[in-house]
Amino acid sequence: APHVGLGVGADHRDADAGHEAAWFVTDGATGARVQTPKEAHREAGVPTAVADTVGAGDAFLAAVVTERLADRPWAACLRFAVRYAALVCEHPGPTP
């Protein structure tokens, strides 16, 4: 499966505002990883009865953003995002 990189963050001008850049790489059933300038985390995929992968990437990114807005650490964002994307894959068609 191809790797998909998702960049969440900001350029150097946002550092003063307290923002931190993060890069996510998703790898389907294998899981995903996140890299920031200060840390790196890997989360294994979870066993999933895949019905359809439509929306999995969107769900992953939405989960990351939601958790980060709740001030969760990057590792927790990654853990939740991997599990949420897997849940979305269990349902055929788009997730409303």
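Visitor: In what order do the elements of the chain run, from the N terminus on? After that, please take me to the aromatic rings and what surrounds them.

Guide: This is a predicted model, in which local features need pLDDT of at least 70 and side-chain atom pairs count only at pLDDT 80 or more, whereas totals for chains, interfaces and linings use all residues. Residues are numbered from 1 along each chain as its sequence is written, and side-chain values use heavy atoms, with hydrogens and water left out.

From the N terminus on, the order is β-β-β-β-α-α, which gives four strands and two helices in the chain. Both kinds of element are DSSP runs numbered from the N terminus, helices being H or I over at least four residues and strands being E over at least two. Of the 96 residues of the chain, 30% count as buried, a word that stands for under 20% relative accessible area, while exposed stands for over 50% and partly exposed for what lies in between (1.4 Å probe, protein chains only).

Strand β2 (residues 22–26) runs antiparallel to strand β3 (residues 31–35), and four bridges join them; two strands pair if DSSP finds at least two bridges between them. In this pairing W23 stands opposite Q35 of β3. The two strands form a hairpin with four residues between them, and G28 in the turn has a positive phi of about 55°. Strand β3 also pairs with strand β4 (residues 40–44), again in the antiparallel sense, over five bridges, with R33 opposite R42 of β4. A hairpin with four residues between its strands is formed by β3 and β4 too.

Now to the rings themselves. Rings of Phe, Tyr and Trp (its six-membered ring) pair if their centres lie within 6.5 Å, and planes under 30 degrees apart count as stacked, over 60 as edge-to-face and the rest as tilted. By this rule there are three aromatic pairs. One of them is F80 with Y84, which is stacked, at 6.0 Å centre to centre and with 10° between the planes. Because F80 and Y84 are four residues apart in helix α2 (residues 74–89), about one helical turn separates them. F80 counts as partly exposed because its relative accessibility is 36%, and Y84 does so at 31%.

Elsewhere, ring pairs link F24, F60 and W74 into a cluster.

Finally, return to helix α2, where R79 is found. R79 is partly exposed because its relative accessible area is 39%. From C-alpha to C-alpha, R79 and E67 are 10.0 Å apart in space, and they are 12 residues apart in sequence. Helix α1 (residues 56–69) holds L61, which counts as partly exposed at 32% relative accessibility.
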